[in-house]
Each structure stands twice: as C-alpha cells, then as structure tokens.
Amino acid sequence: MILLKNNKQNKGCRFFTLVELMVSMFLFLVIMAIVARYFAAANRAWRITARKNEVYANARVALDLMVRDLQGAMYNNDWTVPGRGIYPFFHYNPGTSAATGEQLCMITQTPLTPLGATSNVCEVRYSYYRDNNDYATGTEDTRRENEFWLVRSCTPNKNSTGADNGAYDFAANPIDKISSGTLTWRGAAVVGNIFNSSNAWQKVIPHVMNLEFKCYKSDLTIQNALTASTITGSDFPVRVKVVLTVLDDASFIKYRTLRDAGASSAAQFLSDNQLTFSRTVYMRTKESF
C-alpha cells in the first residue's frame, strides 16, 4: 500500500498497489468458487431429496392401499351351504408376452369402492403395466401412455347407475373338492372368468418398474404363481409380501430416453436409480356372511 505525502490534497491518503488488488481479487474469486460449490451441492442434495420424497409418497400410497385390501380379503371353501357362494384367491403370472405383470386377485372388504357400490365386498385385482417393448398389443402411443403404471381393478355389486353389475359374478361359480383335499374350480374357465369379467384397470401410481407378490403357505414355503387362469385357484396364504420397485419422475424420463435410444447404459441407470419397497401382510381366513 502506498502513502502519498507530497501532495497536500492527498496528504494522509492510502492507495492499493496493483499487486495488492490482484491478490484481493484472487482471494475473492477463491471464496466465491467455494460458496458456489457449496450452493451447487446443497441444490443437488435438495433435488435428490425432493425426488426421493416423491417416490416415497407414491410407494406409501400404493402399499397402504394394497395392504388394506389384503387385510380385508375373504376366503371360503365351504361348498356345502347353499347361498354362501365362494371367495376365491388368485395369484397369477400371465407370462412375459402379456401387457401386465403378476396379478393378485381377491374378494375383499375394501374401504375404497367405485361409484354406485352398495357393498364394500368387491372383486379386487392388482397388477402393473410393463415396458411397452415387452408386448405388441395396442398402438405405440397407447402403450407409452400406459407403461409402468400400478393398476387396480375393483368390481362392485352395482355399477355407477345403480344397476346390478354383471361382472360381479364370483358367487355364481361353485367349487368342487377332490380327494387330495385341494380345491379345484368347477369348469375349465371358472376362475379365469371370475376375474377376467372385472371392471377395467384404474391407474394408481406411475413409474412402477416391477411388482411382485410372494404368497407364503402354512409351512412358510412360497406358493408359485399360477401360469394358467383356467384350472385352479391359489391356496389362501398365511402371509403375502408385496415388493414394489419405483422410479422418480426425472429419472424415469431419462431412463426411457436411454431405453428408446437403445443405449447400453439404460439397464445400469435403472439399477442405480430405482428404489424398492416391501410390505408384509399377515392374513386371516375370513368366512363369508
């Protein structure tokens, strides 16, 4: 710093040298770079947290809904009492060429019934729409719009106009008991017809990359999903584990861009960014009323 003494007007005034100004500017830039880096990291952390909160919220909604329906599931194998009907339980894998993944179908006392229902006992199904490259039915736009959604079908006793719902037909299909003690549904397509005649799928949450149901039998072994919907129903499990894999909105857009471009990194990106949630429900056998 320079002190000027000769000029009376500048007497006692101090000025910075060029070197001092350059050093000050350098230090200022260093500090600003540190602050900018801090704010960038904070902003990135905020965005990641916001995306995870979105995924957690969606998963909580979906799992809570499925758990409530599973807790209300009813099962009846008493074919001897007229008028009691049947309450089938059905875990089905339609195969890789189908539009939807695994299905879990049940008769349940659901808290969320469609418009017009006068009873909370409904035919309920859960599944998810898969990758649109996994199946060839429908237009490309329709498949892209529907892919990766958790879907639910709820068939009540009455439709929205208050008329009887013809798809509400589980009580009209009796069962036979064979000598081994297992249950077989009478007729070649009885079980399939019960749930194939359900109300249309309704979307629940988006960006569902996978949905699995693990049904445990009384000996705690896992019951395999049925691969044909025309012969037998599933045994009523003692517990069901629901495994749900979800992506946040931003990651889903990027993944689909990579997938559509045929990028080899798409699978790794999906593995790094998807979150998996699970919930186990302990079942209780509920007889019909």
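In the classes used here, Ala, Val, Leu, Ile, Met, Phe, Trp, Tyr, Cys and Pro count as nonpolar, Asp, Glu, Lys and Arg count as charged, and the others, Gly among them, count as polar. Keep in mind throughout that this is a predicted model.

Begin by selecting L65, L112, T113, P114, R152, S153, C154, N199, A200, Q202, K203 and V204, which line the largest pocket. Strand 7 (149-155) and strand 10 (202-206) are the elements that give two or more residues to this lining. The space in the largest pocket comes to about 200 Å³, and its lining divides into six nonpolar, four polar and two charged residues.

Next, colour helix 1, residues 18-71, whose 54 residues reach 78 Å from the first C-alpha to the last, close to the 80 Å expected at 1.5 Å a residue. Within helix 1, select the buried residues, which are V55, N58, A59, A62, L63, L65, M66, V67, D69 and L70; L65 is one of the residues you have already selected in the pocket lining.

Is C154 buried or exposed? C154 counts as buried because its relative accessibility is 7%, and buried means under 20%.

Finish at C215, which is buried, with a relative accessible area of 0%.

How values were computed: Residues numbered from 1 in each chain as written. Predicted model: local features only at pLDDT ≥ 70, side-chain atom pairs only at ≥ 80, totals over all residues. Heavy atoms only, no water. 1 Å grid on protein atoms, 1.4 Å probe; cavity = no way out; pocket = protein on both sides within 12 Å on 5 of 7 lines; lining within 4 Å. Points joined across faces, edges and corners; volume = space filled by probe spheres on them. Helix = DSSP H or I, 4+ residues; strand = E, 2+ residues; numbered from the N terminus. Expected span 1.5 Å × (residues − 1). Buried < 20%, exposed > 50% of the residue type's maximum accessible area, 1.4 Å probe, protein only.
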